[in-house]
Amino acid sequence: MPGEMELIVVVGCFKRRNNPYMMIPAELLQRFAAAKSVTVLTGAGVSAESGVPTFRDAQTGLWAKFSPEELATPRAFRRNPRLVWEWYDWRRKLVAGAKPNPAHLALVEMQNLFLRFHLITQNVDGLHQRAGSRNVIELHGNITRTKCSEEGTIISSWNDTGDAPPKCPACGGLLRPDVVWFEEPMPEPEMRQAMTGSTHCDVFFSIGTSTVVYPAAALPLEALQSGATVVEINPQPTPFTAQAHFALARAAGIVLPELMKALKALRAF
Ligand code: OAD
């Protein structure tokens, strides 16, 4: 790993030699290579190339076809628990059939190269963990876990009587997915870790998120205010794009492997 001065020279060589990693700005590569601490926030776009639909993409997003008020709130569950359970059951099956994509795998490589690394996700699909990422901070829960809607305890098995939703074997309450719905509080330990990661990093990546759902959407701003270099990776502009130091408008599954290739080439130089 070159020192900072050497790094500038090496990046300069990259620039001069027609940098083969054209989509990665040399200045970004330089800051990334010099970083001691890296934090990543991901959203649904990171799983799009695994075939998991996002929420807000115009044609394919889930909220283009379904209403969050009818499916992703405590009120919706009280009103029609069967509908909510069955919708999540459909998504659970979809996620079970999906595989991590090159974006997930590149983030595992990234974690392996930085001693101080935080991966914060709004995704509930568990694909980061299946790719091999460790200590993932899940802000919105995980669809593969089920909990009792009365007691909040995680339930791993129950009597399959054909009821939808099934009932808690301990108290008879209705079971629900262990995800955070609209109007529900965020999990406190995860929010604390996410804040620490965002305010104590040299480089912060906001990847595949529309940055419209708070409090997660505030994390790139926190990183910015704390002096980090902030990078957005998203083929579409978001409300945050203009504030990012670097906005790479390509798919995460293309950009992230290129970024890791460029970083490894620079370190080996
Ligand atoms: P959204 O659906 O709001 O945004 C997905 C973003 O991914 C969009 O900005 C797309 O442009 C971008 N995108 C699509 N394909 C991509 C790709 N291949 N590479 C990179 N980016 C890509 O999803 P989130 O921002 O994750 O919350 O949504 C935040 C929260 O709103 C979700 O966690 C969920 C939702 O309602 C709850 O259910 C509580």
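Let's start with the sheet: six strands form an open sheet in the order S3-S2-S1-S6-S7-S8, and the pairing is parallel. At its edges stand S3 (137-138) and S8 (246-248); each has a single partner strand, so one side of each is left without a neighbour in the sheet. Keep in mind that this is a predicted model.

Now look at strand S1, which sits between S2 and S6 in that order. On one side, S1 (residues 37-42) runs parallel to S2 (residues 116-121), and 6 bridges join the two.

The shell around the ligand holds 28 residues, and the closest are Gly43, Gly45, Thr54, Phe55 and Ser210. Helix H3 (45-48) and helix H12 (252-268) are the elements that give two or more residues to this shell. Sorted by class, the shell has 12 nonpolar, 13 polar and 3 charged residues. Two domains take part: domain 1 (1-52 + 100-140 + 185-269) and domain 2 (55-97 + 146-179) each supply at least three residues to the shell.

H7 (residues 81-96) has 16 residues and reaches 22 Å from its first C-alpha to its last, close to the 22 Å expected at 1.5 Å a residue. Val84, Trp85, Tyr88 and Val95 are buried in H7. Looking down the axis of H7, you'll find its buried residues within an arc of 95°, so they line one face of the helix. Arg82, Trp90 and Lys93, on the other side of H7, are exposed.

The loops have some backbone details worth a stop. Pro165, in the loop between strand S4 (141-148) and strand S5 (175-179), is joined to Ala164 by a cis peptide bond with omega about 0°. Another cis peptide bond joins Tyr214 and Pro215, with omega about 10°. Pro215 belongs to the loop between S6 and H11, and that loop also holds Thr211. Thr211 is not a glycine, yet its phi is positive, at about 45°. Thr211 counts as buried because it has 23 C-beta neighbours inside 10 Å.

Glu183 also has a positive phi, near 75°, in a residue other than glycine. You'll find Glu183 in the loop between S5 and helix H10 (188-199). Glu183 has 11 C-beta neighbours inside 10 Å, so it counts as exposed.

One last stop is Ala228, in the loop between helix H11 (219-225) and strand S7 (229-233). With 24 C-beta neighbours inside 10 Å, Ala228 is counted as buried. Ala228 and Arg192 are separated by 36 residues in sequence and by 18 Å in space, C-alpha to C-alpha.

Methods. Residues numbered from 1 in each chain as written. Predicted model: local features only at pLDDT ≥ 70, side-chain atom pairs only at ≥ 80, totals over all residues. Pairing = 2+ DSSP bridges. Helix = DSSP H or I, 4+ residues; strand = E, 2+ residues; numbered from the N terminus. Near = placed C-beta within 6 Å. Nonpolar A, V, L, I, M, F, W, Y, C, P; charged D, E, K, R; others polar. Domains from an automatic or database assignment. Expected span 1.5 Å × (residues − 1). Buried ≥ 20, exposed ≤ 12 C-beta atoms within 10 Å, placed from the backbone. Arc of directions from axis to C-beta.
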